[in-house]
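Please open the structure in a viewer and keep the selection panel at hand.

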Amino acid sequence: MLVLGIETSCDETAAAVVRDGRFVLSNVVHTQIAQHRPYGGVVPEIASRQHVEHLPAVLEEAMRAAGVDWSSLDAVAVTHGPGLSTSLLVGLAAAKGLAIRLNKPLVGINHLEAHLYSAFLGPDAPEPAALMPFVSLIVSGGHTAFVRVDGIGRYRLLGRTVDDAAGEAFDKGANLLKLGYPGGPAIDKAALGADPAAVRFPRGILRNLPARLTGLDARCCVSYSGLKTSLLYYLRDHPLAGAGDPVVGSLAASFQEAIVDTLLNRVAHALGNLRTLAVVGGVSLNSRLRGKLAALAEKRRFRLILAQPAFCADNAAMVAGLANHKLAATPPPAEAFLLDAEPNLGIGE
Ligand code: KG4
Ligand code: ZN
């Protein structure tokens with residue numbers, strides 16, 4: 001089965017062709033980082049305009065690189081939420097148009113479920129059925145959550161961030177340290193070789209959950225707003241000497257350590273008696289997180305599955321791959337064409 005996937009939920013314009021849910025024939029991502037950099041974050045109006053401008057060429061390139069004809073596609077899959085509504089609508093309109101023109105099924109995909117699926121992409125990735133049940137940690141710019149996975153489409157949200165996502169914490173910290181945008185890769189780089197114990201930042205422990213999160217386990221939830229404030233106060237009391245101040249490296253390493261430890265401290269509880277943890281999403285590219293997770297897996301004797309780097313940040317291969325399984329389970333109804341953007345779609349709630 002050959003599926004074309006389309007992803008435009010935030011600031012990445014992406015298209016990919018995946019065979020049989022696993023073999024990625026092409027994976028094209030047009031990033032808009034340069035357009036959003038002057039604002040230090042994603043500007044929705046700019047993002048949707050960029051999607052409109054670049055999606056046609058990204059689609060052509062995905063088909064060309066895969067070396068397949070439009071007529072050989074079996075389905076078109078598209079992210080319909082969660083995300084920025086004006087960005088989601090661009091991908092949805094293109095996917096509907098293509099599916100109608102090609103007379104193929106249209107599959108709407110939940111972006112968070114696609115991130116969960118990213119661990120199964122590539123010829124060397126495990127078979128989904130072989131890992132069930134397991135726990136997945138989704139860590140990205142917009143989301144931070146522990147999810148129990150009992151099967152494809154069978155999820156239970158265990159815990160999540162009560163405020164900022166881990167990627168957002170990286171981005172805000174980098175902004176305070178004047179390291180530029182996006183913050184995750186900048187902090188990762190600045191922290192290399194620096195002392196992560198130089199400053200002790202808070203680890204976001206939660207005792208009580210806000211009422212809107214009743215039902216979740218506080219021991220699987222995290223908070224990052226205090227961490228950001230703590231860095232802000234630290235810099236107020238110890239101002240940087242200017243760009244290139246050598247203390248920036250140890251502050252970046254200490255800040256990163258707090259983000260990473262906050263996640264690691266929740267792993268044992270989220271796993272319970274399960275023995276497999278998958279970690280997916282843009283922040284799972286973080287070298288310190290990868291290193292410390294590997295050490296924890298060895299010490300606590302659980303299996304660690306990390307998505308391949310090409311599939312961690314937003315991409316359309318995870319959308320097309322997941323769609324293959326959805327199609328195999330039940331063919332999408334004709335109403336799929338009425339699919340609308342769902343900016344607040346959740347998972348396993
Ligand atoms: O999954 P993703 O592309 O988008 C969302 O769905 O949100 O994740 C983007 C996030 C950004 O916040 C970025 O700073 C972060 O992933 N990121 C990293 C690294 N590379 C990307 N965070 C920490 N370390 C990295 N190396
Ligand atoms: Zn994402």
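**The zinc site**

The model is predicted, so local features need pLDDT of at least 70 and side-chain atom pairs pLDDT 80 or more, whereas totals for chains, interfaces and linings use all residues. Residues are numbered from 1 along each chain as its sequence is written, chains are lettered from A and ligands numbered from 1 in the order written, and side-chain values use heavy atoms, without hydrogens and water.

Select His-111 (NE2), His-115 (NE2) and Asp-314 (OD): these protein donors lie 2.0 to 2.1 Å from the zinc ion.

Next, display helix α4 (residues 111–117), where His-111 and His-115 are four residues apart and therefore separated by about one helical turn. Helices are DSSP runs of H or I with at least four residues, numbered from the N terminus. His-111 is buried, at 5% relative accessible area, and His-115 is buried at 0%; buried means under 20% (1.4 Å probe, protein chains only).

**A helix pair**

Now select helix α6 (residues 166–176) and helix α9 (residues 247–271), whose axes come within 11 Å and cross at roughly 170°. Axes are lines fitted to C-alpha atoms over the stretch in contact, with angles from 0 to 180 degrees between N-to-C directions. The two helices, α6 and α9, are therefore roughly antiparallel (over 145 degrees).

Finally, show the side chains in contact (heavy atoms within 4.5 Å): Ala-166, Ala-169, Phe-170 and Gly-173 of α6 meet Phe-255, Gln-256 and Ile-259 of α9.

Conventions:
Donors are N, O and S atoms within 2.8 Å of the metal (3.2 Å for Na, K and Ca); water is not among the atoms, so sites may look incomplete. Buried means under 20% relative accessible area, exposed over 50%, partly exposed in between (1.4 Å probe, protein chains only). Angles under 35 degrees count as roughly parallel, over 145 as roughly antiparallel, 65 to 115 as roughly perpendicular and the rest as oblique.
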